[in-house]
Amino acid sequence: MVWAPETADTPLRVLRRLESGPRGLVTADAEARLLEHGENVVPSRLPPTWPRRLLRSLRDPFTLVLLGLGLVSALIASWATAGVIVVLVLVSCLLRSNGEHRADRSTAALRKLVATTTTVRRRATKDAEPEEREIPADQLVPGDVIKLGPGDLVPADARLLRANGLTVHQAQLTGESAPVAKRALDLPEGDEHLLWQGSSVASGSALAVVTATGAGTRFAGAYAVPPPGARPGPLPGARPGSRSGARLSRRAGARLPRGRAGRRTSAFDRSVYGLSWVLVRGMLVIPPVALVANAVLRGKGLEALPFAVAVAVGLTPEMLPVVVTTVLARGSALLARRGVIVKRLSALPDMGAIDILCMDKTGTLTRDRPVLSGSVGPGGRPDPEPLRWAAVNGLVTLHLADPPAPDPLDEAILAGAPEQLGEVEGLDAVPFDPLTRVSRALVRDGDDVVVVVKGAVEAVLERCATSERERRRATATAAALARSGARVLAVARGPASAQEAVVRGPASAHEAVARGTGSPQPRLDEAGERGLTLVGFVTLADEPSPDAAAALALLARRGVKVKILTGDHPGTAARICRELGLEAGEVADAAGLTAAGAERATVIARCTPEQKARVVRALRAAGHTVGFLGDGVNDLPAMRAADVGICPRSAVDVTREAADVVLAGKDLSAIGQAVVVGRRSSGNIVTYLRIALSSNLGNVIAMLVAGLALPFLPMLPVQVLAQNLCFDAAQLALAFERPGPAVLRRPFRLRRQAVLRFIAGFGLVNAGVDLVTFAVLTRVHGVLDESAFHTGWLVENVLTQAAIMLLLRPVARVSRPLGLATGALAAAGLLLPLSPLAPALGLVALPVTSLLWLLLVLVLYAGVLVALTTRTRRKA
């Protein structure tokens, strides 16, 4: 396997060493090389084994506290308590490990559906003409000739054969935040001519030959064991042998090219973690408090320690990690069947919490293919010249820059342009760059060498030698065209300067070979693109997407506000909004936009990529949960800034890698489906938290009170833990619930304070019912026997837990899994005193009269719960 080219190698030497050429490899040779070198996959750690998964699941804070309590129980020889704690931990870890394994397997299968592809040149036979085809990036081999354009991920280490305005993001490898210019040089210095796996194309296009794949790449060398005989050098941008070079290597190894490294923890994750640590603190405080109270009031010391441990365990929601994993994996699988791929499971609750969805209008609210609508001069009168020169620019860019995918605007212009464009010869071209907002072409028109620039009105006018009066007139003409709803492109031309055509010198010989011209050509130089003459404007019309209006209406009903962030003129975006029934409201210009203005505006026009990201950050700082839908490289900063990045499967590689959610197509209705599933997932998790914690808190309060009031322990530690085990197993059915309409009606967030208030309120109600049960057992019915008391309270606890699983949910309808689970839980509570386990648990058979009294208490409790939950639902 080839490790890397020598820095001083010419392209011809590299091609010969790789036994390749500008026309690419023969298909049969490529297949043989694939068998020899293996797939182009960076070696990664093997999937964790089952023992490793079990050990990893022990890092959960609840599990660690439970193990600590189990160790305390073992030290004081409370073996029954320690044994049941171990069973609880094992059951939780096994269920969690199995759920994570299935979720990881499903996610890996889904990621293959959106795997990165690369445009490669290959030939059927040695003498056949090369064909360009899309192949999975893992099928590349050394010697393949690939094409790259804006937004493409660099799939392997490569040597440039041709570059047109090429800039590359390689922060993953070198830490450089700004794009780095790359050039195809015959006699290179440094690494300007080299591309590294893990970087991405910011602008321009390129033709390159693959020099290393898989484990042979520099990226793999940063953290993987290199292949035999390989000697990877320092990463680009690092001094050999320096500490900074080592840091860069470690950083590259730690950060795979996923595009979202360093993302902040979501609001949902923060709420779950915060709630977990509140409970952990409670679990750590309860044992000392119980011990001190028993020692002071009852004269009991360490003999009360097992009971204190059991009380702390009673507060623990052992199944929380299991339920969260199960709920999110189920929601992800459901969306996958609808063509929506969730790459990050925790993005599901974030989808449910979205209250603002930002998007560009092109390709989402409108069709991908604009239609040519007119060509006018600087004064606004019809004129064919702007269209002619725009077509020349597009044709030359298409042929010489040779992007992997043609620009839709150029395709629309060429489709409506005249058949005869004049005797022009393309010399060089730089495709559209979202930063400069123009495309540039250098052509020979007769004996003259001419620069043709096409793009955003403001960017083109900056390059023109116009008087202030002419500039105002041209700006007014463009504004009038935009207000009518058209997309406006300005076109300018002018003679190439001597500096541009001569000082830069000819292109290198290998670029001439790659182009097929056979001789060197003059090159473009942005410094020479001043003093141009404005030719006029070309207008294009965007057709609204047929399903966009219905999808926007659905999102509005779900409480999601849509904002349009576009580089177009405000009038163009506002017209599309009106046609789709979206209230445009205040239309703002991105320049000088304030945070308050970003909240008020529905349409924000003339946005650069960084301005889009700034708007998203401002909305998040104002307390909103923001989703961003995009498909181009210019959408990448905003997607990284959003809570949830969304893109269609047809998005450019780097955007698709950065997204959390990938849609099968540009269908806004799929976002509505993902929002609903996200809210269902969050609702089920919150339902579990409310039910589990309010029941546990009530039991803990009652046990602490009864432990001080009764001459014996109200429940043995082993009985508390056995009860918990039954309750936890039944609660897994909550993962399959369908929340009520109140959850789906508006954005749903897990609000920690609201959950804690709910838990405290219903926990006190539950504790009150337990105290009533004590009174019934000790006063009304005269049950003074310790074993009978323990049995009666355990039976009542299990039955009330089954009741709250049915009654503390946001909907009245009971699903089949929940019905079976609660039935099994109630049966377990009634049958445990009669089972062979009864002696080991310290339980005895109760008389029928005792059971009838307990059922009466249960009915009264159910009536209170029905009244309280009905009131809560009405408020919702």
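**Group meeting talk: a walk through one model**

Let me start at Arg606, which sits in the loop between strand 19 (603-605) and helix 22 (609-621). Helices and strands here are DSSP runs, numbered from the N terminus: a helix is H or I with at least four residues, and a strand is E with at least two. Residues are numbered from 1 along each chain as its sequence is written, and side-chain values use heavy atoms, with hydrogens and water left out. This is a predicted model, where local features need pLDDT of at least 70 and side-chain atom pairs count only at pLDDT 80 or more, while totals for chains, interfaces and linings use all residues.

Back to Arg606. Its phi is positive, about 55°, although Arg606 is not a glycine. Most residues other than glycine have a negative phi. Arg606 is partly exposed, at a relative accessible area of 24%. On that scale, buried means under 20%, exposed means over 50%, and partly exposed is in between, using a 1.4 Å probe and protein chains only.

Glu19 also has a positive phi of about 55° without being a glycine. This residue is in the loop between helix 1 (11-17) and strand 1 (25-26). Glu19 is exposed, with a relative accessible area of 65%.

In what order do the 8 strands of the open sheet run? The order is 9-22-21-20-10-17-19-18, and the pairing is mixed. Strand 9 (340-342) and strand 18 (587-589) are at the edges with a single partner strand each, so one side of each has no neighbour in the sheet. Neighbouring strands are turned against each other by 20° on average, direction ignored. Those angles are taken between N-to-C directions of axes, run from 0 to 180 degrees, and the axes are lines fitted to C-alpha atoms, for helices over the stretch in contact. Two strands count as a pair if DSSP finds at least two bridges between them. Strands of a sheet pair through backbone hydrogen bonds, either parallel or antiparallel. Strand 17 and strand 19 run parallel and are joined by 2 bridges. Leu565 stands opposite Ile604 in strand 19.

Next, helix 19 (residues 548-557). Which of its residues are buried? They are Ala548, Ala551, Leu552 and Leu555. These cover an arc of only 100° around the axis, which puts them on the same side of helix 19. The arc is that of the directions from the helix axis to the C-beta atoms. On the other side of helix 19, Ala550 and Arg557 are exposed. The cover over the buried residues includes strand 10 (356-359), strand 17 (561-565) and helix 25 (668-709). Just after helix 19, Gly559 has a positive phi of about 85°.

On to charges. Side chains of opposite charge can pair when their charged atoms come close. How many salt bridges does the structure hold? There are 17, a salt bridge being a side-chain nitrogen of Lys or Arg within 4 Å of a carboxyl oxygen of Asp or Glu.

One of them joins Asp144 and Arg122, at 2.7 Å from N to O. This pair links distant parts of the chain, 22 residues apart: Asp144 is in the loop between strand 3 (131-136) and strand 4 (145-148), and Arg122 is in strand 2 (residues 117-123). Asp144 is buried, at 0% relative accessible area, and Arg122 is buried as well, at 8%.

Glu192 and Arg183 form another, at 3.3 Å, N to O. Glu192 is partly exposed at 26%, and Arg183 is partly exposed at 39%.

A further salt bridge, at 4.0 Å, N to O, joins Glu468 and Arg472. Both residues lie in helix 16 (residues 468-483), 4 residues apart, about one turn of the helix. Elsewhere, salt bridges that share partners join Arg121, Glu132 and Lys147 into one network.

Ser205 lies in strand 8 (residues 200-212). Is Ser205 buried or exposed? Ser205 is buried, with a relative accessible area of 0%. Leaving out residues up to four places away in sequence, its contacts include Leu148, Arg162, Asn164 and Pro431, contact meaning heavy atoms within 4.5 Å.

Ala336 lies in helix 11 (residues 320-336). At 27% relative accessibility, Ala336 is partly exposed. Ala336 and Ala664 are 328 residues apart in sequence, yet 9.4 Å apart in space, C-alpha to C-alpha.
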